[in-house]
Amino acid sequence: MKQIKLSNGVLIPQIGLGTWQITDKELMGTLLEHAYNLGYRLIDTAAAYSNEMAIGRAVTNLPLERGELFLSDKVWNTGRGYENVRKACEKSLKKLKTDYLDLYLIHWPASPKLYPDWAGINADTWRGMESLYKEGKVRAVGVCNFKAHHLKELKKTAEIMPMVNQLEFHPGMMQEDTVSFCMAEGIVPEASSPLGNGQILQNDTLMQIAGKKGKTAAQICLRWAVQKGMVVIPKTVNPDRLAENMDIFGFELDEEETRAVDGIPYCGGIGIDPDEVIEFG
Ligand SMILES: NC(=O)c1ccc[n+]([C@@H]2O[C@H](COP(=O)([O-])OP(=O)(O)OC[C@H]3O[C@@H](n4cnc5c(N)ncnc54)[C@H](OP(=O)(O)O)[C@@H]3O)[C@@H](O)[C@H]2O)c1
């Protein structure tokens with residue numbers, strides 16, 4: 001398993017399992033068993049996914065030591081603020097049946113459309129994240145869906161900069177400004193929806209490259225992101241696809257193929273701009 005070193009030295013697996021929209025306990029149990037057997041060690045969840053308890057239960061049935069697993073979780077928008085984020089983390093730890101997280105992320109930045117003091121809210125939440133890190137409740141801290149201007153603002157007050165920024169990244173949605181800002185600041189970019197939520201896999205360019213290389217369009221998306229230094233967290237409930245998504249380390253895209261994928265226009269995905277968001281529950 002290829003791993004990437006975060007700015008504090010913690011190693012994160014370069015591929016993990018996304019779990020958004022998987023809530024069924026039995027399904028989670030068999031899925032994590034398959035994933036474990038295939039070598040998946042990073043599991044990405046969020047308080048908002050309503051599956052932390054299912055994951056906690058499934059993990060206790062796996063034949064591994066806690067240290068072999070990389071558990072990544074996110075604080076929801078209702079947990080913003082110093083005290084709230086600390087309480088939210090305690091709740092998540094209980095549900096996941098663990099006493100620490102490997103990575104804890106702010107799920108969404110406060111939206112300027114809703115909060116005139118969005119920067120102050122993000123800074124206060126981040127102070128809570130830093131306190132959890134210093135206390136050893138979380139081995140690494142980061143954010144999701146922060147654009148470069150959110151990160152620049154956070155940098156003014158942060159004692160510790162985020163180690164990861166999880167953001168939507170797939171062919172047709174590269175968020176180049178934010179990704180290059182992250183790279184320059186030593187923040188590891190992690191691709192959420194690396195398959196465009198399954199909506200981009202019929203794209204002609206992807207299918208042509210996949211056909212030529214004897215791979216699938218999904219493998220081309222994941223390989224392309226991994227070659228750019230991204231962590232990828234594809235979601236699937238299908239054991240064959242779990243294996244397919246993991247099998248991306250034995251081939252390479254050349255420059256021409258990479259350029260062709262870079263040039264794909266927007267063709268599907270989640271596509272939410274955090275600055276345009278009015279309310280998120
Ligand atoms: N931080 C955030 O705000 C944020 C936002 C979105 C996502 N995420 C994280 O990123 C993870 C992945 O994103 P996502 O769930 O939006 O979508 P995704 O991983 O881009 O795509 C998942 C979709 O593709 C299908 N799929 C998976 N592997 C496939 C393959 N090899 N061939 C064909 N189809 C395949 C899945 O269907 P089956 O399950 O039926 O196989 C599912 O419909 C999430 O689960 C979550 O952990 C985070």
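Start with the rings: there is 1 aromatic pair in this predicted model (rings of Phe, Tyr and Trp, using the six-membered ring of Trp, with centres within 6.5 Å). Select Phe169 and Trp224: their ring centres are 5.0 Å apart and their planes meet at 20°, so this pair counts as stacked (planes under 30 degrees apart). Color by secondary structure and you'll see that the pair ties together distant parts of the chain, 55 residues apart. Phe169 is in the loop between strand 8 (164-168) and helix 6 (176-185), while Trp224 belongs to helix 8 (residues 217-227).

The model is predicted, so to speak of local features takes pLDDT of at least 70 and side-chain atom pairs pLDDT 80 or more, while totals for chains, interfaces and linings use all residues, and side-chain values use heavy atoms, without hydrogens or water.

Now show the polar contacts (N or O atom pairs within 3.5 Å):

- Arg241: a side-chain N or O atom sits 2.7 Å from a ligand oxygen.
- Pro194: a polar backbone atom is 3.3 Å from a ligand oxygen.
- Tyr49: a side-chain N or O atom lies 3.5 Å from a ligand nitrogen.

Note on methods:
Residues numbered from 1 in each chain as written. Polar contact = N/O pair within 3.5 Å; in protein donor to acceptor, adjacent residues only side chain to side chain. Phe/Tyr/Trp six-rings, centres within 6.5 Å; stacked < 30°, edge-to-face > 60°. Helix = DSSP H or I, 4+ residues; strand = E, 2+ residues; numbered from the N terminus.
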